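Work through these exercises with the structure in view. Try each task before you read its solution.

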Amino acid sequence: MEKPVMNYESLIRITRYISTFRDPEEIVLTSVEGVTNALKVKGCTLFLIDKKSGVLSLAGSYGLSREYLDKGPVSAIRSISSSIEDGQPVAIYDVNDDPRLQYPEAALKEGIASILSVPIIIGERIIGCLRVYTAQPWEFGLNDVNFVQAVAQVVGMALELCRVNKGYKESIDILKSMRDPKTIVFNKRTPYEGVPKSFSKEEVAQANA
C-alpha cells in the first residue's frame with residue numbers, strides 16, 4: 001500500500017472546514033471522511049464514551065458497511081481498551097491475531113486488516129476515540145499516528161465547543177441531538193472535492209532541496 005508522504009496540507013484542510021461548522025454532525029463526518037481520504041485507507045470511525053454504561057457510542061463513520069457498524073455494542077474496556085484507559089494510540093497490525101479486539105470475526109468479514117485507535121482528549125478527560133481501518137496490513141508509522149492524533153485533538157476541541165454552547169453536561173449528550181450516524185448522508189462540500197489529497201514524493205523532494 002502506498003502511503004501519502006505528508007499530511008500537513010490534509011490537516012490544514014480538515015481543520016479549516018471544521019472551524020466553519022457549528023453542527024456536531026458536520027464536524028464528525030468531515031473528520032472521518034477527511035482522515036479516510038488523506039491516508040487512503042478503508043474507513044474511519046469516531047466514538048464517544050458513555051462513562052455510565054462503559055460503551056463507546058458511534059458518532060460517525062466513513063467507508064464501513066452498515067453490517068459492520070451493527071455488529072454489537074462496543075465496550076470501552078474490551079475494545080482496544082488501552083487507547084481509552086491509558087490515553088495512548090494503539091495500533092493493531094493483524095486483526096486476526098490480537099486479543100485486544102472485541103469483534104475480530106466481524107473485522108475479518110468486513111475486510112479489515114489493521115486498526116489504529118487514537119484517544120480524543122480534552123484537557124485531562126478522554127471523551128472518545130478516532131479509529132482508522134485498513135484493508136491491507138499496515139505498519140502505522142509516526143507520521144500516521146501524529147496526523148490522526150492532530151485530527152482527534154481538533155475534533156475534540158470542536159465538539160467541546162458544541163457541548164458548552166448547547167449547555168450539555170457530557171460530551172456523550174451531543175449524540176442525543178444527532179441523527180443515527182449509520183444512516184447519515186453528508187451532502188455538503190467536503191475538503192476533498194477537486195483538490196489533491198497529499199503531497200507527492202517529487203514535491204517533497206523539491207521542497208527539501
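**Exercise 1.** Describe how helix α2 packs against helix α6.

Step 1. Helix α2 (residues 24-39) and helix α6 (residues 142-166) pack at about 175 degrees, and their axes are 10 Å apart. Helices here are DSSP runs (H or I, at least four residues), numbered from the N terminus; strands are E runs of at least two. Axes are lines fitted to C-alpha atoms, for helices over the stretch in contact, and angles run from 0 to 180 degrees between N-to-C directions.

Step 2. α2 and α6 are therefore roughly antiparallel (an angle over 145 degrees).

Step 3. Contact means heavy atoms within 4.5 Å. Among the residues in contact are I27, V28 and V35 of α2 and F147, V148 and V151 of α6.

The model is predicted: local features need pLDDT of at least 70, side-chain atom pairs count only at pLDDT 80 or more, and totals for chains, interfaces and linings use all residues. Residues are numbered from 1 along each chain as its sequence is written, and side-chain values use heavy atoms, leaving out hydrogens and water.

**Exercise 2.** Find the aromatic pairs in the whole structure.

Step 1. The search gives two pairs (ring centres of Phe, Tyr or the six-membered ring of Trp within 6.5 Å; planes under 30 degrees apart are stacked, over 60 edge-to-face, the rest tilted).

Step 2. Y68 and Y133 are edge-to-face, 6.1 Å centre to centre with 80 degrees between the planes. Y68 lies in helix α3 and Y133 in strand β6, so this pair ties together parts 65 residues apart in sequence.

Step 3. W138 and F140 are stacked, at 5.6 Å and 15 degrees.

Note on methods: Parallel < 35°, antiparallel > 145°, perpendicular 65-115°, else oblique.
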